[in-house]
Amino acid sequence: MSEERFLVTGALGVIGAWTVATLVRASVPVVAFDLGDDTRRLRLILSDEELAQVAIVRGDTTDRASIEHALDAHEITHVVHLAALLIPLIKADPPYGGLVNVVGTLNVFASVKERRDRIRGLAYASSIAAYDRADDPGHPVPTDAVGHPLTHYGVNKQANEGAARIYWLDDSVASVGLRPYIVYGPGRDTGLTAAPSLAMAAAAQGDGYHIPFGGRIMLQHAADAAAAFISAARAATEEARVFNLGGGSVHVRDCIAAIERAAPQVEGRITFDDEQLPFPEEFEAETLERALGPLSWRPLDEGVRETVEHYRRVGSAVSPAPVSPRAEPGS
Ligand SMILES: NC(=O)c1ccc[n+]([C@@H]2O[C@H](COP(=O)([O-])OP(=O)(O)OC[C@H]3O[C@@H](n4cnc5c(N)ncnc54)[C@H](O)[C@@H]3O)[C@@H](O)[C@H]2O)c1
């Protein structure tokens, strides 16, 4: 029996569900902490037997007492903090967005600070949305580049990175922040950047799909992103470090070609717009692996094939949401 006990906030989200699944499969006790009660992503990814091993705790990161209670009741040793509101919700209500994304994260750090003797690692999600397209230097954005985001979401994420830095300087709370780009795979079903995954879900059912953006992006399979967050929590023993996630840069058209190889019956029916996302095209990620050790990133063809096959097996539990190419992306 492992001596580690993980708490994952935002565990009912896509990265959270894959993080929980990865820990369960490694026989590491895990508490799934989330405000919501929709367990469809956990059920999509875990078997009933695996799900029975997960302690699901309803809690709100804006309520510090609920975090502290979960940390103590389960004698947590590692925290992966993923709970956040994405762009459309924050845009509709920036003060509430700030409450969840900024104050909620401060609550997690404050709770960990009081339990530094037991909690050995804290990883949290930042985002490449902490950068705007105008920050693109024409080559992969270095880890320590300064971003100038044009969304509250991006500014919230910058605030998270700043809070982590100050918690290290003032209180010796070590952490590792990771900046995903587009996480894809089974369970990725909300936000504009869910479109590649929704196209894979549609293709599994023999349907076409329109991806409302184009250009070069970085696609990170949710299982690989989850593994990186778990490694990050284990590696968070000193300083407040932040890294971009890897996975390689691809054009949306390469993603569509991979979907067509996995589901030849949809050939010509997955389309995309020329409109680019408001982010730089590529981020440097070697620094992450130098710090955490080697991480595994599925080749695009493999990740797409697995996703299409997963949706074929379980049936599509997602309903593609209408999205506009000019809407701001969900993450
Ligand atoms: N998915 C991506 O491509 C991507 C890209 C960059 C960054 N991120 C970041 O990674 C993290 C996870 O993303 P995701 O795609 O899995 O998100 P998601 O929207 O799928 O899941 C977020 C989860 O957080 C929960 N939550 C929201 N407010 C909460 C609160 N106050 N207390 C407890 N739980 C709360 C929600 O119920 C939801 O289950 C987020 O911090 C996100 O900003 C994701």
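1. The protein splits into domain 1 (6-181 + 220-244) and domain 2 (184-217 + 248-280 + 299-314), with bounds taken from an automatic or database domain assignment. The C-alpha centres of domain 1 and domain 2 are 25 Å apart.

2. This is a predicted model, in which local features need pLDDT of at least 70, side-chain atom pairs count only at pLDDT 80 or more, and totals for chains, interfaces and linings use all residues. Residues are numbered from 1 along each chain as its sequence is written.

3. Between the domains, 20 residues of domain 1 are in contact with 13 residues of domain 2 (contact: C-beta atoms, placed from the backbone, within 7 Å). On the domain 1 side, α1, α2 (40-45) and α9 (222-235) each supply at least two residues (helices are DSSP runs of H or I, at least four residues; strands are runs of E, at least two; both are numbered from the N terminus). That side has 14 nonpolar, 1 polar and 5 charged residues (nonpolar: Ala, Val, Leu, Ile, Met, Phe, Trp, Tyr, Cys and Pro; charged: Asp, Glu, Lys and Arg; polar: the others, Gly among them).

4. The largest nonpolar core has 109 residues, of which Val20, Ala203, Phe229 and Ile259 touch the most other members (core: buried Ala, Val, Leu, Ile, Met, Phe, Trp, Tyr and Cys joined through C-beta atoms within 7 Å; buried: 20 or more other C-beta atoms within 10 Å of a residue's own, all placed from the backbone). The helix α9 gives the most to this core, 9 residues. Both domain 1 and domain 2 give residues to this core, so it lies between them.

5. The ligand is surrounded by 28 residues, the closest being Gly10, Gly13, Ala83, Ala84 and Ala125 (criterion: C-beta atom, placed from the backbone, within 6 Å). In this shell, α1 gives the most, with 3 residues.

Key: Contact = placed C-beta atoms within 7 Å. Buried ≥ 20, exposed ≤ 12 C-beta atoms within 10 Å, placed from the backbone.
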